[in-house]
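Dear colleague,

I am handing over the structure we spoke about, and below it you will find an account of what turned up when I went through it. Please read the notes with the coordinates open beside them.

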Amino acid sequence: MSDPVPISRRAFNERLLENLTVPQAEREQLLDQARKEGAAFARGLVSRGLLTAEGLRRAYGELCGFPPFRPDPESLRPIPGVSLPLSFLRAKLLVPVALSDGTLTLAMADPLDADAREAVARATGKRVEAQAGTEEELR
């Protein structure tokens, strides 16, 4: 997969809506919600049953270029030399999955969360790359 494409949260939410099959009136309401809810909007679509968790993961890949996180026992082991507060990782739904050549790979339920990526980069001194995971996988 290619490098992640810079896309605003608003543009991502609007593109998500373009792919949903909902009546026009509901689409307008959802568009209004997307503008108000920001980061919570995509999770809301999943909780309302309008989008599956796998569909959201695919959208992060197709619209933004984030590769999918596919958990396996090896990816869920602690990474030597990476120490981040568990409370932060849980709150942001982040899982460090690999460290290679100074780059830390993070599985993220919301890979558009630039603040979380930057906080991890500052705390670890590593370059951070994100993979798109589902909330269920990262809890």
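**Ala-107 and its surroundings**

Leaving aside residues up to four places away in sequence, Ala-107 is in contact with Phe-69, Leu-93, Leu-94, Val-95, Val-97, Gln-131 and Leu-138. Ala-107 belongs to strand S2, and with a relative accessibility of 0% it counts as buried. Its C-alpha lies 8.3 Å from that of Pro-68, although Ala-107 and Pro-68 are 39 residues apart in sequence.

Please bear in mind throughout that this is a predicted model. The mean pLDDT of the chain is 89, and 95% of its residues reach 70 or more. Confidence is lowest in helix H2 (residues 24-37), where the mean is 88, and highest in strand S3 (residues 127-132), where it is 96.

**The H1 and H4 contact**

Helix H1 (residues 9-18) packs with helix H4 (residues 53-64) at an angle of about 115 degrees, the two axes being 11 Å apart, and the crossing in which H1 passes H4 is right-handed. On the H1 side the residues that take part are Arg-9, Phe-12, Arg-15 and Leu-16, and these meet Leu-56, Ala-59, Tyr-60, Leu-63 and Cys-64 on the H4 side. Sorted by class, this contact of H1 with H4 holds seven nonpolar and two charged residues, and no polar ones.

Arg-9, which is placed in helix H1, is partly exposed, at 21% relative accessibility; the value sits just outside the buried class, because buried means under 20%. Beyond residues up to four places away in sequence, Arg-9 touches Gly-38, Ala-39, Tyr-60, Asp-110, Leu-112 and Asp-113.

**The nonpolar cores**

Which residues have the most contacts inside the largest nonpolar core? They are Phe-12, Leu-16, Tyr-60 and Cys-64, in a core that has 33 residues. At least two residues of this core come from each of H1, H2, helix H3 (40-47), H4, strand S2 (103-108), H6 and S3, and the largest share, five residues, is supplied by H4. Another core, of seven residues, lies apart from it, and includes Val-95, Ala-107, Ala-109 and Leu-138. Val-95 and Leu-138 are also among the residues that Ala-107 touches.

Leu-16, one of the residues with the most contacts inside the largest core, touches Ala-42, Leu-45, Leu-51, Leu-56, Ala-59 and Leu-63, again without counting residues up to four places away in sequence. Leu-45 and Leu-51 are also touched by Leu-20, together with Arg-27 and Leu-50. Leu-20 lies in the loop between H1 and H2 and counts as buried, at 8% relative accessibility. Between Leu-20 and Leu-50, which are 30 residues apart in sequence, the C-alpha to C-alpha distance is 7.4 Å.

**Loop residues to look at**

Lys-126 sits in the loop between helix H6 (114-124) and S3. Is Lys-126 buried, exposed or partly exposed? It is partly exposed, because its relative accessible area is 26%, and the buried class covers values under 20% while the exposed class covers those over 50%. Lys-126 touches Leu-99, Gly-102, Leu-104 and Ala-121, not counting residues up to four places away in sequence. From Gly-102, which is 24 residues away in sequence, Lys-126 is separated by 5.5 Å in space, C-alpha to C-alpha.

With best regards

Methods: Residues are numbered from 1 along each chain as its sequence is written. This is a predicted model: local features need pLDDT of at least 70, side-chain atom pairs count only at pLDDT 80 or more; totals for chains, interfaces and linings use all residues. Side-chain values use heavy atoms; hydrogens and water are left out. pLDDT is the predictor's confidence in each residue, from 0 to 100. Helices (H or I, at least four residues) and strands (E, at least two) are DSSP runs, numbered from the N terminus. Axes are lines fitted to C-alpha atoms, for helices over the stretch in contact, and angles run from 0 to 180 degrees between N-to-C directions. A crossing is left-handed if the near helix is turned anticlockwise from the far one by less than a right angle, and right-handed if clockwise. Contact means heavy atoms within 4.5 Å. Ala, Val, Leu, Ile, Met, Phe, Trp, Tyr, Cys and Pro count as nonpolar, Asp, Glu, Lys and Arg as charged, and the others, Gly among them, as polar. Buried means under 20% relative accessible area, exposed over 50%, partly exposed in between (1.4 Å probe, protein chains only). A nonpolar core is a set of buried Ala, Val, Leu, Ile, Met, Phe, Trp, Tyr and Cys residues joined through side-chain atoms within 4.5 Å.
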